[in-house]
Amino acid sequence: LRDNRIELVRASWHELSISVSDVSLSDEGQYTCSLFTMPVKTSKAFLTVLGVPEKPQITGFTSPVMEGERMQLTCKTSGSKPAADIRWFKNDKEVKDVKYLKEEDAVRKTFTVSSTLDFLADRSDDGAVVSCRVDHESLNSTPQIAMQVLEIHYTPLVKIISSNSWPEEGQSIILTCESKGKPVPEPVLWTKDGGELPDPERMVVNGRVLSISFLNKTDNGTYRCEAKNPIGRNSTEYVLIVHDVFNTLLPTTVIPSLTTATVTTNVALTASTTTSATATSIRDPNALAGQSGPDHALIGGIVAVVVFVTLCSIILLGRYLARHKGTYLTNEAKGAEDAPDADTAIINAEGSQVNAEEKKEYFI
């Protein structure tokens, strides 16, 4: 061996050692050691040299990329022997659907390997880190990595957030328009029912925030927030409904008290309704229901007893009158019409009262 890179390390009757520095692919082959005895003795060994892959590079990326466009990123490395393996990752998550291509150099007997990642650009990919990792046995478990940060431009995404979920008259409300886009959207535009804000004194716009003070029914309507950037524009709407203040008192009205009493006449119904309304109007709205007001169950019981006694009296009176219906006999002396006085009429009468003709009279 006649090469300056080859040095004799040890030479004895039992051992002959050499070292090769700056190993290249040309050093691969069969090496023979000979011992010049009679006969000559030899030993052979085949040396395999690994081709270390070059640092990978990612091509095909042009910044910025519009949302919806197709992206093709190619990772390429050469000089590997045997052929290196390429894997793609997006934010540390491996991407499987890729194309793999391997080309061999006939002279150097090395390989050039490339892999292509094909996908549609999405706003969720903005800022994502795409990495290409090359694995090879010559790298001693330390892969070579190339990275590319994606920049995706997209139209604004708009959302309105309200500070008051139940706005009432006299209160205030703050509407915040959140807009996210790339490039960053310009200041938003607020409108109401398709036109400008009608009351600039109460409706104040500060950047993306719309503040409305002293709400009233005229503020009801549809509020639109619109944001735009060089890519496009987008908008969203919020329907404002201002509620009456007295609606909040309805849950404290005592309804069960009107349904527990047994009402038998129109007069009783009117009296019960009036009493309940008076009690509701004078008591504290925060007081618990049932702690104040008349006892309608007691009133209902008294009314029921009175009705029962009245019905019993009517039944007893009817039975009494029915039992005293009878026949009454009257006796008239015949021929007494011409008598001058009563005594003469009796004496001259035909027959006595016992035998007189009976006349019946009925009382109904």
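Q: Where does UniProt place the "transmembrane region"?
A: The unreviewed UniProt entry puts this feature at residues 297–317. UniProt positions are given here in the numbering of this chain, feature names are shortened, and an annotation may be inferred rather than shown by experiment. The model itself is predicted: local features need pLDDT of at least 70, side-chain atom pairs count only at pLDDT 80 or more, and totals for chains, interfaces and linings use all residues. Residues are numbered from 1 along each chain as its sequence is written, and side-chain values use heavy atoms, with hydrogens and water left out.

Q: What makes up the span of residues 297–317, helix or strand?
A: The span is 100% helix and 0% strand, and its end C-alpha atoms lie 31 Å apart. Both words refer to DSSP runs numbered from the N terminus: helices are H or I with at least four residues, strands are E with at least two.

Q: Why is Leu117 called buried?
A: Buried means under 20% relative accessible area, exposed means over 50%, and partly exposed is in between (1.4 Å probe, protein chains only). Leu117 has 3% relative accessibility, so it counts as buried. Leu117 belongs to strand 11, residues 110–120. Its C-alpha atom is 9.8 Å from that of Val130, 13 residues apart along the chain.

Q: Why is Ile18 called partly exposed?
A: Its relative accessible area is 44%, so Ile18 falls into the partly exposed class. You can find Ile18 in strand 2.

Q: What makes the nonpolar surface patch?
A: Leu1, Leu8, Leu16, Ile18, Val20 and Val23 make it, and it covers about 580 Å². Patch residues have over 30% relative accessible area and no salt bridge; nonpolar side chains (Val, Leu, Ile, Met, Phe, Trp, Tyr) are joined within 5 Å, like charges within 9 Å. Areas come from the Shrake-Rupley method. Strand 2 (residues 16–20) gives the most to this patch, with three residues.

Q: How do you know that Lys96 and Glu94 form a salt bridge?
A: A salt bridge is a side-chain nitrogen of Lys or Arg within 4 Å of a carboxyl oxygen of Asp or Glu. In this pair the closest N and O atoms are 3.4 Å apart, and the bridge counts. Lys96 is exposed at 66% relative accessible area, whereas Glu94 is partly exposed at 28%. The structure holds 18 salt bridges.

Q: What makes the Asp126 and Lys182 pair a link between distant parts of the chain?
A: The two side chains meet in a salt bridge at 3.1 Å, N to O. Asp126 sits in the loop between strand 11 and strand 12, and Lys182 is in strand 15 (residues 173–182), 56 residues apart. Asp126 is partly exposed at 24%, and Lys182 is partly exposed at 25%.

Q: Which residues do salt bridges that share partners join into one network?
A: Start with Asp135 and Arg133, whose side chains meet at 3.6 Å, N to O. Shared partners join Arg87, Glu94, Lys96, Arg133 and Asp135 into one network. Asp135 is partly exposed at 24% relative accessibility, and Arg133 is partly exposed at 22%.

Q: How do you know that strand 8 and strand 12 pair?
A: Two strands pair if DSSP finds at least two bridges between them. Strand 8 (residues 85–90) and strand 12 (residues 129–135) run antiparallel and are joined by six bridges. Trp88 stands opposite Cys132 in strand 12. The open sheet to look at here has four strands in the order 9-8-12-13, with antiparallel pairing.

Q: Why is one side of strand 16 and of strand 20 left without a neighbour?
A: Three strands form an open antiparallel sheet in the order 16-19-20. Strand 16 (189–192) and strand 20 (232–240) stand at its edges with a single partner strand each, so one side of each has no neighbour in the sheet. Strand 16 pairs with strand 19 (residues 221–229) over four bridges, and Trp190 stands opposite Cys225 in strand 19.

Q: What form do strand 17 and strand 18 make together?
A: They form a hairpin with two residues between them, and Gly207 in the turn has a positive phi of about 70 degrees. Strand 17 (residues 203–206) and strand 18 (residues 209–212) run antiparallel, joined by four bridges. Val204 stands opposite Ser211 in strand 18.

Definitions and conventions:
Accessible areas come from the Shrake-Rupley method with a 1.4 Å probe; for residues, only the protein chains shown count as cover.
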